[in-house]
Amino acid sequence: MLLDEKVTENEIEGMVRLFLENVKSGIWRSQGWPAVWTDYAVSKLALNGHSKIMAKLFKGRELSVNCFCPGFTQTSMTGGKGKYTSQAAAEVATCIVLLPPEKLLTGKFYVGSTPGVYSNHLHCLVVHEKMRRAKT
Ligand SMILES: NC(=O)c1ccc[n+]([C@@H]2O[C@H](COP(=O)([O-])OP(=O)(O)OC[C@H]3O[C@@H](n4cnc5c(N)ncnc54)[C@H](OP(=O)(O)O)[C@@H]3O)[C@@H](O)[C@H]2O)c1
C-alpha cells in the first residue's frame with residue numbers, strides 16, 4: 001500500500017475497517033495481518049499512508065509532510081526502556097524539522113535523520129512549514 005503512489009484515503013480507511021471487522025469477528029490471525037504488534041502496525045500503516053497523501057496534497061505549497069522513526073526510545077510507551085533517551089530522539093526530530101527548506105524532502109520516512117522509503121515500521125508525523133522558515 002505504501003509503495004503505491006496512487007493510494008487513496010478510501011483505500012486506507014478500507015484497510016483499517018477490514019482490520020477492525022476481522023478483529024471483531026475473531027478471524028484476524030488467519031487473514032495475513034502482522035502477527036507481532038498487530039494493532040500498532042496497522043495504525044502506523046494508516047498513519048504513514050495518510051502522511052503520503054498529505055505530502056502529495058501539499059506538494060508545491062511550501063509544506064513538507066514526513067514520518068519519523070526515532071528508534072527504540074525511553075518513553076512512557078516503552079516503560080522507560082530503549083536505546084535512546086527521549087531528549088536525543090527529540091533533538092533528531094528537531095533537526096529534521098529545522099532543515100532549510102531546500103534540504104527538507106517531503107513524503108519521506110526518516111529513520112533517525114536519514115530519509116528513506118516507507119516501510120511498515122512506526123513513526124511520528126513531522127510537518128514542516130517551509131514558507132514560514134524561509135521568511136524567518
Ligand atoms: N518510544 C519508542 O521507542 C518509539 C519508537 C518509534 C516510534 N515511536 C512513536 O513515537 C510516538 C510517540 O511515542 P512515545 O514513545 O513518545 O510515546 P508516549 O511516551 O506514550 O507518548 C505518547 C504521547 O501521545 C499523547 N497521546 C496519546 N493519545 C493521544 C490522543 N488520542 N490525542 C492526543 N495525544 C495523545 C500522550 O499524551 P498524554 O501524556 O496526555 O497521554 C503522550 O504525550 C508514537 O507515535 C510512537 O509510536 C516511539
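**Confidence**

The model is predicted. Its mean pLDDT is 84, and 85% of the residues reach 70 or more. Across residues 119-136 the pLDDT is below 50. That stretch still has 42 contacts in the model beyond near neighbours in sequence. Where pLDDT is low, the predicted coordinates should not be read in detail.

**Layout**

The protein has 4 helices and 4 strands. Along the sequence they run α-α-β-α-β-β-β-α. Among contacts with a separation of 6 or more, 61% join residues 24 or more positions apart. Of the 136 residues, 19% count as buried.

**Core**

The largest nonpolar core holds 8 residues. They are C67, F68, C69, A89, V92, I96, F109 and Y110. Three elements each supply at least two residues of this core: β1, α3 (86-97) and β2 (109-111).

**Helix α2**

Helix α2 covers residues 38-57. How far apart are the end C-alpha atoms of α2? They are 29 Å apart. With 20 residues at 1.5 Å a residue, the helix should span 28 Å, so the two values agree.

Which residues of α2 are buried? They are V42, K44, L45, N48, G49, S51 and K52. An α-helix has 3.6 residues a turn, so residues three or four places apart point the same way.

**Two positive phi angles**

W37 and E62 deserve a look. W37 is not a glycine, yet its phi is positive, at about 50°. It lies in the loop between α1 and α2. E62 is also a residue other than glycine, and its phi is near 65°. E62 sits in the loop between α2 and β1 (63-69).

E62 counts as partly exposed because it has 15. A residue needs 20 or more such neighbours to be buried, and 12 or fewer to be exposed.

| Residue | Phi | C-beta neighbours inside 10 Å |
|---|---|---|
| E62 | near 65° | 15 neighbours |

Note on methods:
Residues numbered from 1 in each chain as written. Predicted model: local features only at pLDDT ≥ 70, side-chain atom pairs only at ≥ 80, totals over all residues. pLDDT = per-residue confidence, 0-100. Contact = placed C-beta atoms within 7 Å. Core = buried A, V, L, I, M, F, W, Y, C linked by C-beta atoms within 7 Å. Expected span 1.5 Å × (residues − 1).
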